[in-house]
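Please keep the model in view while reading.

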Amino acid sequence: MRTLGCKLNFAETSTLEDKLRASGVSIVESGGADICVVNTCSVTETADHKCRQIIHKLVKENPGAFVMVMGCYVQLQPGEVASIAGVDLVVGMESKGRALEFIAAGLRLKRASGGGALHRSESGAMRNIRTFVPSCSRGDRTRYFLKVQDGCDYFCTYCTIPYARGLSRSPRISFLVDEARAVAAQGGREIVLTGVNIGDFGRGTDEDLLSLLRALDNVDGIERYRISSIEPNLLTSDIIRFCAGSRRFMPHFHIPLQSGSDTVLRLMHRRYDTAFFARRIAEVYTAMPDAFIGIDVIVGTRGETPELFDETLNFLSTLSYAQLHVFPYSERPGTRALSIPYVVPPQEKHRRAQRLIALSEQKRQEFYARYIGAVRPVLWEHAVRGGHIHGFTDNYIRVEMPEEAAGDKADNKIMNVRLGDFNADHSALKAQI
């Protein structure tokens, strides 16, 4: 099984993998598989290309295997993906909840037909995507990923996600509370809430995100929650105050900005300006001075002149946060951004991305350095044999410790740790033993 893209894709693939194991299927890492599953991303042209590469590689390494492809690339280009040599079935968003059923039926059909590629499609139009397909799994990680929402109603000019995943939808709070209780029963300590636009949870119902957070906060056995990403205009003052007062919701937010230029934000059809964004960041830090804040930024969008990029760079240079996630803009067919004049050359997009990545690394190291000598609780991940174990503090500082110092006591345990200096490549702080 191969997954590309976001935490939401990871949660969906891991859930399908759990179902396959429960039905008696053994998972192999490479070669000799009877079934190959690829969960695709289509956020950029590069993502599409990488998906095709992985499909070709799996077909070559697993001759005769039943190959099923699902995810955003499939929903946007089902015919293109279904025609790839060796692909048996493509499954769109509305049908992915029936993936196990499709695999079983497809295997029978492939064997009956003599083993040739089937090139079949179970994909429909975006307007027909209505079902919420649950996902809650940890795969090979310590943290669990709980899908609480899917789809998006925003239609930003550069983005294909509403076309790939449909409009916003979510399950009832009671269902998600039961999922969290099941995680606790399995020994899970931390849950990351995932979705496309989590702040829209409960849209069209009598429930909302704050009510969900309150309900999850009362689940015994779960010690940590993180919100994977939330739009700045949907991160309300009430949510900030609640998280600040909660013992279980960590001081950690991932907030998309996308541009530090108000002109570009308007071209993108974002629902805030830089002044609003700066106030929201300041509000988080007033309530939670130790919070880790990650920010998404897209560089080189249509219409981003050199002067407008400088506005972004200046804004982000003066803003307080811990890390940037930088994405070079990729033109996507069917998006309204294609009508915006001024195209940024690829080399210039790369240059701008590198400048923001350098700024991000400076901000991250400054944030980490503030906590050298401090004692913070760390949830340790599964150990890698013969090396270091890693974990994260409550405020998302990556920490490492030699495996021999931890023994078997640390795995999936939360321990108060005094933070030492940076490790050799400055990617983490060393736990003082």
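## Helix packing and burial

Helix H7 passes helix H8 in a right-handed crossing, a term for a near helix turned clockwise from the far one by less than a right angle, left-handed being anticlockwise. The model is predicted, so local features need pLDDT of at least 70 and side-chain atom pairs count only at pLDDT 80 or more, while totals for chains, interfaces and linings use all residues. Residues are numbered from 1 along each chain as its sequence is written, and side-chain values use heavy atoms, with hydrogens and water left out.

Helices (H or I, at least four residues) and strands (E, at least two) are DSSP runs, numbered from the N terminus. H7 covers residues 173-185 and H8 covers residues 209-217. The crossing of H1 and H5 is also described as right-handed. The table sets out both pairs; axes are lines fitted to C-alpha atoms over the stretch in contact, and angles run from 0 to 180 degrees between N-to-C directions.

| Pair | Angle | Axes |
|---|---|---|
| H7 and H8 | about 35° | 10 Å apart |
| H1 and H5 | roughly 55° | within 10 Å |

The axes of H1 and H5 cross at roughly 55°. That makes H1 oblique to H5, since angles under 35 degrees count as roughly parallel, over 145 as roughly antiparallel, 65 to 115 as roughly perpendicular and the rest as oblique.

Contact means heavy atoms within 4.5 Å. Ile173, Leu176, Val177 and Ala180 of H7 meet Ser211, Leu212, Ala215 and Leu216 of H8. In the other pair, Leu16, Lys19 and Leu20 of H1 meet Ala99, Leu100 and Ile103 of H5.

Which residues of H5 are buried? They are Ala99, Phe102, Ile103, Gly106, Leu107 and Lys110, where buried means under 20% relative accessible area, exposed over 50% and partly exposed in between (1.4 Å probe, protein chains only). These residues cover an arc of only 135° around the axis, which puts them on the same side of H5; the arc is that of the directions from the helix axis to the C-beta atoms. Arg108, Arg111 and Ala112 are exposed, on the face of H5 turned away from its buried side. The cover over the buried residues includes helix H1 (7-22) and strand S2 (35-40).

Thr160 sits in the loop between strand S7 (144-147) and helix H6 (161-165). Thr160 counts as buried because its relative accessibility is 8%.
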